[in-house]
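The following exercises accompany a protein structure. Each consists of a task and a solution worked in steps.

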Amino acid sequence: MDDIDIDLKRKIAQRMKDLRISTGKKMSEFAKDSEKDRQSLHRWEKGRGATVYTINKFCREIGITMKDFWNDSLFE
């Protein structure tokens, strides 16, 4: 991985964390409500293990589109 890839992983993790926080739910509550493992959610928010499929499922859980996910100043 080069620096660009590492930076993208960091931005994805931050976006997932910001969106989860915007739901008003703590990590454990969000994980339970979305039937996800809290450890998986923790890994995603730390920049490990999130795939395009994971991001898509995450978006559906919080009620946004993939376009909404990527449409953020983090990715400019």
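**Exercise 1.** Determine in which helix isoleucine 21 is placed, and classify isoleucine 21 by its relative accessibility.

*Solution.* The model is a predicted one.
Step 1. Isoleucine 21 has its place in helix H1.
Step 2. The relative accessibility of isoleucine 21 is 44%.
Step 3. Tryptophan 44 stands 23 residues from isoleucine 21 along the chain, and the C-alpha atoms of the two are separated by 14 Å.

**Exercise 2.** Describe how H1 and H3 are oriented to each other, and state which residues meet.

*Solution.* Step 1. Two packed helices are described by the angle between their axes and the distance between the axes.
Step 1. The axes of H1 and H3 cross at roughly 125° and come within 7 Å.
Step 2. An angle over 145 degrees would count as roughly antiparallel, and 65 to 115 as roughly perpendicular; H1 and H3 are therefore oblique to each other.
Step 3. From H1, Ala13, Met16, Lys17 and Arg20 meet Leu41, Trp44 and Glu45 of H3. By class, this contact of H1 with H3 has four nonpolar residues, three charged residues and no polar ones.

**Exercise 3.** Identify the buried and exposed residues of helix H4, and state what covers the buried ones.

*Solution.* Step 1. Helix H4 comprises residues 52-62, and its buried residues are Thr54, Ile55, Phe58, Cys59 and Ile62. Their arc around the axis is only 135°, which puts them on the same side of H4.
Step 1. An α-helix has 3.6 residues a turn, so residues three or four places apart point the same way.
Step 2. Tyr53 and Arg60, on the other side of H4, are exposed.
Step 3. The cover over the buried residues of H4 includes helices H1 (3-22), H2 (27-33), H3 (38-45) and H5 (66-70).
Step 4. Just after H4, glycine 63 has a positive phi of about 85°.

**Exercise 4.** Characterise the largest nonpolar core.

*Solution.* Step 1. The largest nonpolar core has 13 residues, and those with the most contacts inside it are Met16, Leu41, Phe58 and Phe69.
Step 1. At least two residues of this core come from each of H1, H2, H3 and H4. H4 gives the most, with four residues.
Step 2. Apart from neighbours within four places in sequence, phenylalanine 69 is in contact with Ile12, Arg15, Met16, Leu19, Ile55, Cys59, Ile64 and Phe75.

**Exercise 5.** Locate glutamate 35 and comment on its phi.

*Solution.* Step 1. Glutamate 35 is found in the loop between H2 and H3, and is exposed, with a relative accessible area of 74%.
Step 1. Most residues other than glycine have a negative phi.
Step 2. The phi of glutamate 35 is near 55°, a positive value in a residue other than glycine.

Conventions: Residues are numbered from 1 along each chain as its sequence is written. This is a predicted model: local features need pLDDT of at least 70, side-chain atom pairs count only at pLDDT 80 or more; totals for chains, interfaces and linings use all residues. Side-chain values use heavy atoms; hydrogens and water are left out. Buried means under 20% relative accessible area, exposed over 50%, partly exposed in between (1.4 Å probe, protein chains only). The arc is that of the directions from the helix axis to the C-beta atoms. Contact means heavy atoms within 4.5 Å. Axes are lines fitted to C-alpha atoms, for helices over the stretch in contact, and angles run from 0 to 180 degrees between N-to-C directions. Angles under 35 degrees count as roughly parallel, over 145 as roughly antiparallel, 65 to 115 as roughly perpendicular and the rest as oblique. Ala, Val, Leu, Ile, Met, Phe, Trp, Tyr, Cys and Pro count as nonpolar, Asp, Glu, Lys and Arg as charged, and the others, Gly among them, as polar. A nonpolar core is a set of buried Ala, Val, Leu, Ile, Met, Phe, Trp, Tyr and Cys residues joined through side-chain atoms within 4.5 Å.
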